[in-house]
Amino acid sequence: MHQEAEAQSFIYQHSHAALATVDSEGAPFASAVNVVPDHEGRLLMLVSALAAHSVNLAANPAASLVWVEQQHSDWQAAMRLTVSGEVVAVPPAEGERYFQVFPHARENLQLDFYFLALRPTTARWIPGFARATWLNAEALVQPWGWDLAREQAMVGHMNDDHAEAIDHYLALLGAPGQGAQMLAVDPWGAWLWHEARLRRLPFPARAEDAGQVRDTLVMLARTPPEDFFLARP
């Protein structure tokens, strides 16, 4: 897989990252945020206006996001990605895709929370120890082959008509159970919700359009768990 595609998949497989900002005097500050790519190639965050990073960004919009392979015991040997760019505030209507992955966060809009969006201008990809490289940042997060309405239709169809398939996806992830729901679907996989836990179902390859999403979900619904563990990225 091309390195940009590997790094792009990495972004989509992780729902949270570290956000690094600098204050008005140039002092660094890092904090944790949830990050959701949208259909237009932006990285969305929902943050409090009172948070230190929000105060910093009001003075200086430059920021970096860092993702680290979550399951690795040694983060210096783990896969990790850093992207940098300028962060801009966006209205709630433009941040709606965030709620596909974190629907419970919608109530935060009644508080002081607001949406930020970052388009990467630089990207540093480290797929393993001593393997750091700079990537084409614009290639990492690109528009998809479907919009939010189409995503919501696909998710609704799966939840209404294919509950057994969604439960099968849990078995593929090594966490068999019943009553799972699909929350979101993107070119690299789907987010599932089960027993108050967010779970990621990775696709074996990028889905370029809604038709490929359907074909991939059908294929995974017919895949035995032992074969999925051998084939997953």
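Which residues line the largest cavity? They are Ile11, Tyr12, His14, Ser15, Val35, Val36, Pro37, Arg97, Val101, Asp186 and Trp191. The model is predicted, so local features need pLDDT of at least 70, side-chain atom pairs count only at pLDDT 80 or more, and totals for chains, interfaces and linings use all residues. Residues are numbered from 1 along each chain as its sequence is written, and side-chain values use heavy atoms, with hydrogens and water left out.

A cavity is a set of points, on a 1 Å grid over the protein atoms alone, where a 1.4 Å probe fits but cannot get out; lining residues have an atom within 4 Å of a point. Grid points are joined across faces, edges and corners, and a volume is the space filled by probe spheres set on the points. The count is 1 cavity of 30 Å³ or more. The largest cavity has a volume of about 50 Å³. Its lining divides into 7 nonpolar, 2 polar and 2 charged residues. Here Ala, Val, Leu, Ile, Met, Phe, Trp, Tyr, Cys and Pro count as nonpolar, Asp, Glu, Lys and Arg as charged, and the others, Gly among them, as polar. Helix α1 (3–13) and strand β3 (36–37) each supply at least two lining residues. Helices (H or I, at least four residues) and strands (E, at least two) are DSSP runs, numbered from the N terminus.

Asp186 stands opposite Gly189 in β11. Strands β10 (residues 181–186) and β11 pair in the antiparallel sense over 5 bridges; pairing requires at least two DSSP bridges between two strands. A hairpin through 2 residues joins β10 to β11.

Strand β11 (residues 189–194) has 5 of its 6 residues buried, that is, under 20% relative accessible area with a 1.4 Å probe and protein chains only. β11 also pairs with β12 (residues 197–202), antiparallel, over 6 bridges. Gly189 stands opposite Pro202 in β12. The hairpin of β11 and β12 has 2 residues between the strands, and Glu195 there takes a positive phi near 50°.

Now the second largest pocket. A pocket is an open set of points with protein on both sides within 12 Å along at least five of seven lines. The volume of this one is about 270 Å³. Helices α4 (148–161), α5 (163–172) and α6 (210–221) each give two or more residues to its lining. The largest share, 6 residues, comes from α6. Of the 15 lining residues, His157, Met158, His162, Arg214 and Val218 lie nearest the centre. By class, the lining has 10 nonpolar, 2 polar and 3 charged residues.

Technical notes
Buried < 20%, exposed > 50% of the residue type's maximum accessible area, 1.4 Å probe, protein only.
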